[in-house]
Amino acid sequence: MKNAVGREIPDFLLEGGKEVYQGKNYMDGKYVQKATPKTRRYEKPQESKIVETIKDALIACGARDGMTFSFHHHLREGDFVVNMVMKAAIEELGLKDLTIAASSLGAAHDLIADYIEEGKVIGIQTSGIRGRMGQVVSEGKLKTTAIIRSHGGRPRAIEAGEVHIDIAFVGAPTSDCVGNSRGIGGKSNCGSLGYAMTDAKFADHVVVITDCLVDFPNMPASVEAIDVDAVVVVDSIGNPKKIASAAARISQNPRDLMMAENVAKVIASTPYFRDGFSFQTGVGGPSLAANLFLEKYMDERGIKMGWAIGGICKPMVELLKKGKIGKVIDVQDFDLDAVNSINQTPNHFEMSASQYANPANKGAFVNKLDFVVLAALEIDTGFNVNVLTGSDGVLRGAPGGHPDTAAGSKVCIIVTPLVRGRMATVCEKVVTVTTPGDCVDVLVTDYGIAVNPLRPDLIKCLDDAGIEHVSIESLKEKAYSIVGRPDDVQFEDKVVAILEARDGTILDVIRQIKPYTL
Amino acid sequence: MQIEKNAMAGTLESSDAMVTVEPAETGIELEISSSVMNQYGRQIKATVLETLERLEVTSGKVTVVDKGALDCTLKARVECAVFRSCEKSAAGIPWGGVIK
C-alpha cells in the first residue's frame with residue numbers, strides 16, 4: 001500500500017494492525033494503553049546491589065535466549081557497554097536469538113555485526129545504524145527485519161509495549177551501590193542520561209554498569225535506584241575522548257557561513273522571532289554557525305531566546321552563560337562544555353527522550369519549538385529528507401530527533417550544500433524518507449533558498465523581508481546540471497529494515513542492497 | 001593516440017579520480033571503482049569510453065579509481081594519463097578540440 005509520502009509499503013508488514021504513514025498528526029487524540037513491566041520486589045533491605053561481573057548481573061536478571069536488551073547511546077562512539085554486555089551474554093552464557101533495542105548504535109559496535117552473521121543477534125531496533133552493522137543489515141544478514149525509529153518514536157514504542165525490554169543496561173558515568181546513576185562526576189562523563197530514562201521505567205530488569213562508584217546517595221539521579229536490579233563496576237564504560245568531543249569549533253568555511261547567515265536571515269524574517277522564542281540546532285557546520293548570526297539579530301532587536309533544547313554543545317552553553325537564553329533543556333551532550341554545564345550552570349536542565357520528543361505523550365518539548373535548524377543527506381522536491389541511507393542504499397545514519405523536531409516546530413529549516421562531491425543533495429527522490437516533507441518548511445543551500453509551498457505564510461515573510469527564494473525544482477535542476485542526473489539505486493526485493501514514522505506508522509522500508517555491476 | 005607505456009593522472013582526493021593506463025594488445029579493458037558507483041557508474045563508464053574514443057585510443061588497459069569526480073574532471077584525468085603514456089604531455093598537446 002502506498003503511504004502519504006508515496007512509498008510502497010508491502011502488505012505483509014501491515015499484518016497485526018500496523019498502518020502506513022498518513023500525514024502528520026494522524027494519531028492525535030487517539031488513546032494508547034501503556035505497557036507495564038513485570039518487576040521484582042526487593043522488600044528485604046539490601047545494603048548493596050553490586051554484583052561481580054556482567055555475567056552475574058545477566059544471571060541475576062534471568063537472562064535467556066530470545067530476550068531483548070536495551071542500551072542508550074550517550075557514550076556515543078566511545079561506548080564499550082553494548083559490546084561488553086553482548087559478549088558476556090553470547091560468549092560466556094551462550095545465549096542466542098537476542099534482540100538489541102538501542103537508542104542508537106554506531107561504528108563502536110562493529111563487533112555486533114559478527115553476532116548478526118553468526119545468528120546470535122537476530123533483531124535490531126535503533127535510531128542510528130552505521131559501520132559494519134549497517135553493512136550486514138543492508139546485506140540482509142539479520143534474521144528479522146530491523147526497526148529504525150526516531151528519538152521520540154522510541155519512547156513511544158516502549159511505552160506502548162511495541163518493544164518490550166527484558167533487561168535495560170545503563171552505562172553510567174557514576175552510580176552508587178544501589179544504582180542511583182548520573183552522567184557526570186566520574187571519568188567517562190557524558191552529561192545527560194536522557195535516552196536511558198524511559199528504558200529504566202519500562203524494562204523488566206535494569207542493570208547499571210559504571211566505572212566510577214560513588215557514595216550513596218548519588219543525587220540528583222538520572223536513573224533511580226528504585227528501578228535498578230543490579231550494579232556492575234567495570235574498569236571502563238567507554239573511551240572519554242570519543243564520548244564527548246572537544247568543543248565543536250564554529251566552521252570557518254565561507255560556504256557554511258554564507259548558508260548560516262541566510263538561515264538566521266530567514267529566522268529573523270518570521271513573526272516567531274520575538275522575545276522568548278525557542279530554538280534547536282543540529283551540530284553540523286552550517287547549523288552550528290547559525291547560532292553566531294542569530295545572536296547578532298537577537299542583539300539588534302534587543303530580544304532573548306526563551307529556551308533551547310536538543311543535543312547541546314558549546315555555542316548554546318555560551319549563550320546561556322551570557323544570559324541570552326532563559327533555559328537550556330538537554331537530552332544529550334555533544335562536547336565537554338555541555339557535559340560540564342548540565343545540572344551545574346543555573347537553568348541548564350536534563351530531560352528524558354520522551355519529554356523531548358515523544359509524539360504520544362501529553363506534550364513533548366518539540367511541540368513548543370519555534371525553530372529547528374537541521375542538516376540532510378538528501379532532500380527531494382517533495383521536501384522529504386533522508387538522513388539514514390547513503391547513495392549506495394546502505395544504512396549509515398540515524399533519523400535521531402530530526403523527524404520529531406521537524407514535526408513539532410513552527411519553522412523547520414534544512415541547511416545543506418546543493419552538492420557534496422558528486423552527490424546531489426537536492427534530488428528528485430530521496431533513497432529513504434526519514435522526515436516527511438509535510439514537516440519541512442524551508443531549505444537553505446549555497447545556491448539559493450526554497451520554501452515549501454505548504455507554507456504560504458513563510459513565503460510572504462521572506463518576500464516582505466526581501467529575501468530571494470526559488471522553487472526547489474530549480475535547485476534540483478541546478479544540482480543535476482553540475483553533477484549529472486543520478487541513476488536510481490537498485491535494490492533486491494527483501495525488506496531488511498522498517499523505518500517507522502514517529503507516530504508508529506510505516507514511513508518507508510529499506511531493502512537489501514544489490515551488488516552493482518556495470 | 002596509442003598508449004605506449006604505463007602512465008597515471010589524478011589523485012585519490014575527494015571529488016577527483018585516479019586514472020591509470022597501460023598498453024595492451026587489442027581492445028580497451030576498462031576497470032572502474034567509484035564512491036558513487038550505484039548512481040553514476042554507468043555515466044563514468046560512458047564518459048571514459050567517449051574520451052578514449054575522441055583521443056582515438058583503441059587499445060589499452062584503463063583503471064579508474066573515482067572519488068566522486070565530476071565529468072569534466074574525469075575527462076581531464078583520462079586525457080592527461082593518455083598524453084603521459086605517449087610522451088605528449090610535455091609538448092604538442094592538441095589543445096582545444098580533441099576533448100570536448
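Which pattern does chain B follow when read along the sequence? In this predicted model, local features need pLDDT of at least 70 and side-chain atom pairs count only at pLDDT 80 or more, while totals for chains, interfaces and linings use all residues. Residues are numbered from 1 along each chain as its sequence is written, and chains are lettered from A and ligands numbered from 1 in the order in which they are written.

Chain B reads β-β-β-α-β-α along the sequence, with 2 helices and 4 strands. These elements are DSSP runs, numbered from the N terminus: helices are H or I with at least four residues, and strands are E with at least two.

The C-alpha trace spans about 35 × 30 × 20 Å along the principal axes of chain B. Of its 100 residues, 38% are buried, meaning that 20 or more other C-beta atoms, placed from the backbone, lie within 10 Å of a residue's own.

Turning to chain A, an automatic or database domain assignment sets the bounds of domain 1 (48–77 + 162–243) and domain 2 (254–488). The C-alpha centres of these two domains of chain A are 32 Å apart. Their contact (C-beta atoms, placed from the backbone, within 7 Å) involves 12 residues from domain 1 of chain A and 14 residues from domain 2 of chain A.

Definitions and conventions: Buried ≥ 20, exposed ≤ 12 C-beta atoms within 10 Å, placed from the backbone. Contact = placed C-beta atoms within 7 Å.
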